[in-house]
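Please look at the sequence and the structure before reading on.

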Amino acid sequence: MEEALLRAVLFGTPILLASLGALLSERGGVVNLGVEGMMALAALAAFAVGLEAHPVLGVLAGVEVGSLLGLFLGVFAVSLRANQFVAGLALAALGLGASGLLGKRYEGVPLPNPLPEGVLAALALALAFGLHLLFFRTRFGLYLRSVGENPKAADLFGVSVDGVRYGALALGGGLIGMAGAYLSLAYRPSWTDGMTSGLGWVAIALVILAAWQPLRAVFGAYLFGLLFFLQFRLQGSVPIPSEAFAAMPYLLVILVLALSGRARAPKALGQPFDRGR
């Protein structure tokens, strides 16, 4: 039982970090469907820097790459007011393709000094509580929630809607980048193409499951982590096809999306803001 809970926390950590990053941007009204590609590129950057320099610097590199990709998404979703869903999907495809191409030289190379999983898992939990305080105890959190609910009203009160959304995308991208760094520097201290294995899409679904609340995302992430652990642990020990176990987490994702109508999303989510209108 203790082993299952421990592995649930450790495997749920990248899902938690990625979901917190997506949640942050969505609180500001920007849908980020590029999480999977952002995680992949950040994981590659973190591994490359961790291998050539130090794993701690690798984490910082992953965070920086995630933040830059968040700002890159902001150019299209915020400044150019493009369709946020299309822009996010394009970023996901770009990130997965670029990481696969650029990471070929690192395939099969182990990381000699990986980071302890528990340290980053504890940091992720602390960040969830910190994000809760940011949302409900700080001026920026008030601006962020206002922009996500009614950007026109926030603009009338002098809040820079575009500035807040860019800030949310940069901070959220940093958390997504940390999720990728955790995968390549701690959980699986190596680089392989496709190592995110759909965790970015799970994180997006978790945002809905958590009803855009950081602390609820903690329990949801660990639940997904437990399902992934059971998927590997129970294979071969019970007369159920392995494909059924592999599908368990994703069936839960489908269930979450089917019930998403019951969760109240920020009112301006996915809607570009045009000050002139």
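## Surface patch and core

Leu80 sits in the loop that joins α3 to α4 (84-102); helices here are DSSP runs of H or I with at least four residues, numbered from the N terminus. The model is predicted, so local features need pLDDT of at least 70, side-chain atom pairs count only at pLDDT 80 or more, and totals for chains, interfaces and linings use all residues. Residues are numbered from 1 along each chain as its sequence is written, and side-chain values use heavy atoms, without hydrogens and water.

Leu80 counts as exposed because its relative accessibility is 55%; exposed means over 50%, buried under 20%, and partly exposed in between (1.4 Å probe, protein chains only).

Leu80 also belongs to a nonpolar surface patch with Phe72, Val75, Phe76 and Leu94. Such a patch joins nonpolar side chains (Val, Leu, Ile, Met, Phe, Trp, Tyr) within 5 Å, from residues with over 30% relative accessible area and no salt bridge.

The largest nonpolar core has 73 residues, of which Ile15, Leu16 and Met39 touch the most other members. The core's largest share comes from helix α8. A nonpolar core is a set of buried Ala, Val, Leu, Ile, Met, Phe, Trp, Tyr and Cys residues joined through side-chain atoms within 4.5 Å.

| Group | Helix with the largest share | Share |
|---|---|---|
| Nonpolar patch | α3 (residues 55-79) | 3 residues |

Overall, the protein has 11 helices and 0 strands, and buried residues make up 50% of its 277 residues.

Methods
Patches are made of residues with over 30% relative accessible area and no salt bridge: like charges are joined within 9 Å, nonpolar side chains (Val, Leu, Ile, Met, Phe, Trp, Tyr) within 5 Å. Accessible areas come from the Shrake-Rupley method with a 1.4 Å probe; for residues, only the protein chains shown count as cover. A salt bridge is a side-chain nitrogen of Lys or Arg within 4 Å of a carboxyl oxygen of Asp or Glu. Helices (H or I, at least four residues) and strands (E, at least two) are DSSP runs, numbered from the N terminus.
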